[in-house]
Amino acid sequence: MVTMKRIVTVQDISCFGKCSLTVALPVISAMGIETAVIPTAVLSTHTGGFKGYTFRDLTGDIEGIAQHWKSIGLKFNAIYTGYLGSKEQAEIVSKLFDDFSDDDTFIIVDPAMGDSGRLYAGFTDEIVTEMKKLCSKADFIIPNMTEASFMLGLPYTEDYDEKYIRDILVKLSQLGCSRPVLTGVRLDDRRHGAAAYDSQSGQFYFSFRDNINRIMHGTGDIFASVFTGAVTLGKSLEQSLEMAVGFTYDCITETLPVADEVWYGSCFESCLGKLIAYVNEK
Ligand code: PXL
């Protein structure tokens with residue numbers, strides 16, 4: 001009998017606006033992986049584009065959940081973290097890495113804290129410092145260009161070449177994570193995708209699709225969820241990158257005809273059949 005892989009993902013639940021847990025849970029489950037969750041906060045919507053959202057911080061609940069899980073001896077094949085609401089939460093999450101991993105557990109950190117050159121609402125340099133610490137404990141990190149620039153103390157730019165991307169990836173690995181992945185990479189007007197670096201082998205990987213010049217919310221979480229699922233299933237860095245870029249592109253093209261409100265998220269649901277097919281491809 002093949003036992004099912006099990007991961008835990010730690011991020012907020014935004015009740016409306018498809019991102020974080022409302023993306024990670026269905027996407028990773030569709031990949032045939034048991035997906036436990038630790039919700040870090042409950043918001044009525046995500047913070048990008050909506051006004052007047054509610055925000056209930058769940059920091060105080062996390063340690064109780066962890067204690068209970070420890071008492072029943074849970075371990076995970078991967079721990080995947082996304083949007084975290086505070087410095088304190090990042091510190092608690094760092095402890096979760098120690099408590100729920102063994103030598104075979106992948107730690108995947110999406111330092112979700114900004115986009116288009118700016119930090120998300122309510123975030124300051126403090127969260128950047130904490131995310132850097134978390135990244136130092138991860139096997140894979142998945143920043144976009146904005147998050148990478150903040151963590152490396154570099155100015156955000158949209159004007160760069162392949163050498164710049166390679167340099168950023170090497171610098172990201174020097175934060176202490178051996179296999180960084182950079183999303184939202186555009187080397188020219190035609191192509192959009194992601195890049196990865198394996199600091200052990202010195203190999204760089206790039207994966208691109210046609211550039212669709214539209215802002216679409218939640219695509220970073222779709223990418224990170226598929227990437228997490230793929231590495232958990234034992235796919236290589238190159239295969240995982242390709243699957244995450246391919247599926248994110250599928251979701252973007254699916255959303256284009258209906259995207260009259262970009263903040264409502266991407267139509268990943270009708271693409272899940274394709275994702276299952278990607279997982280089963282040899
Ligand atoms: O998709 C990233 C994300 C996750 N969670 C919350 C957010 C955002 C981005 O805006 O606001 C609450």
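These legends describe close-up views of a predicted model.

**View 1**
The shell around the ligand includes Asp-12, Ser-14, Cys-19, Ser-20, Leu-43 and His-46. Thr-47, Gly-48, Tyr-83, Tyr-120, His-217 and Asp-221 also belong to the residues that surround the ligand. Sorted by type, the shell holds 4 nonpolar, 6 polar and 2 charged residues.

Start with the ligand nitrogen: a polar side-chain atom of Asp-12 lies 2.7 Å from a nitrogen atom of the ligand. Next come ligand oxygens. A polar side-chain atom of Thr-47 is 2.7 Å from an oxygen atom of the ligand. In the side chain of Asp-221, an N or O atom sits 2.6 Å from an oxygen atom of the ligand. How much of the ligand's accessible area does the protein cover? On its own the ligand has 320 Å² of accessible area, and the protein covers 97% of that.

**View 1. Helix H1 and its buried side.**
Helix H1 spans residues 20-30. Its buried residues are Ser-20, Leu-21, Val-23, Ala-24, Val-27 and Ile-28. Why do they lie on the same side of H1? They cover an arc of only 160° around the axis, so they share one side of H1. These buried residues pack against two helices, H7 (219-232) and H9 (272-280). They also pack against strands S1 (6-16), S2 (34-45) and S4 (78-81). Just after H1 comes Gly-32, with a positive phi of about 85°.

Ser-20 is found in helix H1. Ser-20 is also one of the residues surrounding the ligand. Is Ser-20 buried or exposed? Its relative accessibility is 1%, under the 20% cut-off, so Ser-20 counts as buried. Now look at the backbone. Most residues other than glycine have a negative phi. Ser-20 has a positive phi, near 35°.

**View 2. Ser-116, in a loop between two strands.**
Find the loop between strand S6 (114-115) and strand S7 (118-119). Ser-116 lies there. Phi of Ser-116 is positive, near 50°, in a residue other than glycine. Is Ser-116 buried or exposed? Ser-116 has a relative accessible area of 51%, over the 50% cut-off, so it is exposed.

**View 3. Helix H9 and its two sides.**
Leu-272, Leu-275 and Val-279 are the buried residues of H9. They sit on the same side of H9 because they cover an arc of only 50° around the axis. Which residues are exposed on the other side of H9? They are Gly-273 and Asn-280. The buried residues of H9 pack against H1, H7 and helix H8 (237-255).

**View 4. Thr-81 and its contacts.**
Thr-81 is part of strand S4. With a relative accessible area of 0%, Thr-81 is buried. Which residues does Thr-81 touch, not counting those up to four places away in sequence? They are Val-10, Val-93, Phe-97, Ile-108, Val-109, Asp-110 and Leu-134.

**View 5. Phe-97 and its contacts.**
Phe-97 lies in helix H3, residues 87-100. At 2% relative accessibility, Phe-97 counts as buried. Not counting residues up to four places away in sequence, Phe-97 touches Ile-79, Thr-81, Ile-107, Val-109, Leu-134 and Lys-137. Take Ile-79: it is 18 residues from Phe-97 in sequence. In space, the two are 7.2 Å apart, C-alpha to C-alpha.

Lys-163 is exposed, at 56% relative accessibility. The side chain of Lys-163 makes a polar contact with the side chain of Asp-167, at 2.8 Å. Val-170 also lies in helix H6. Its relative accessible area is 25%, so Val-170 is partly exposed. Val-170 touches Tyr-197 and Phe-204, not counting residues up to four places away in sequence. Val-170 and Phe-204 are 34 residues apart in sequence. Their C-alpha atoms are 9.6 Å apart in space.

How values were computed
Residues numbered from 1 in each chain as written. Predicted model: local features only at pLDDT ≥ 70, side-chain atom pairs only at ≥ 80, totals over all residues. Heavy atoms only, no water. Near = heavy atom within 4 Å. Polar contact = N/O pair within 3.5 Å; in protein donor to acceptor, adjacent residues only side chain to side chain. Areas by Shrake-Rupley, 256 points an atom, 1.4 Å probe, with all protein chains shown as cover. Nonpolar A, V, L, I, M, F, W, Y, C, P; charged D, E, K, R; others polar. Buried < 20%, exposed > 50% of the residue type's maximum accessible area, 1.4 Å probe, protein only. Helix = DSSP H or I, 4+ residues; strand = E, 2+ residues; numbered from the N terminus. Arc of directions from axis to C-beta. Contact = heavy atoms within 4.5 Å.
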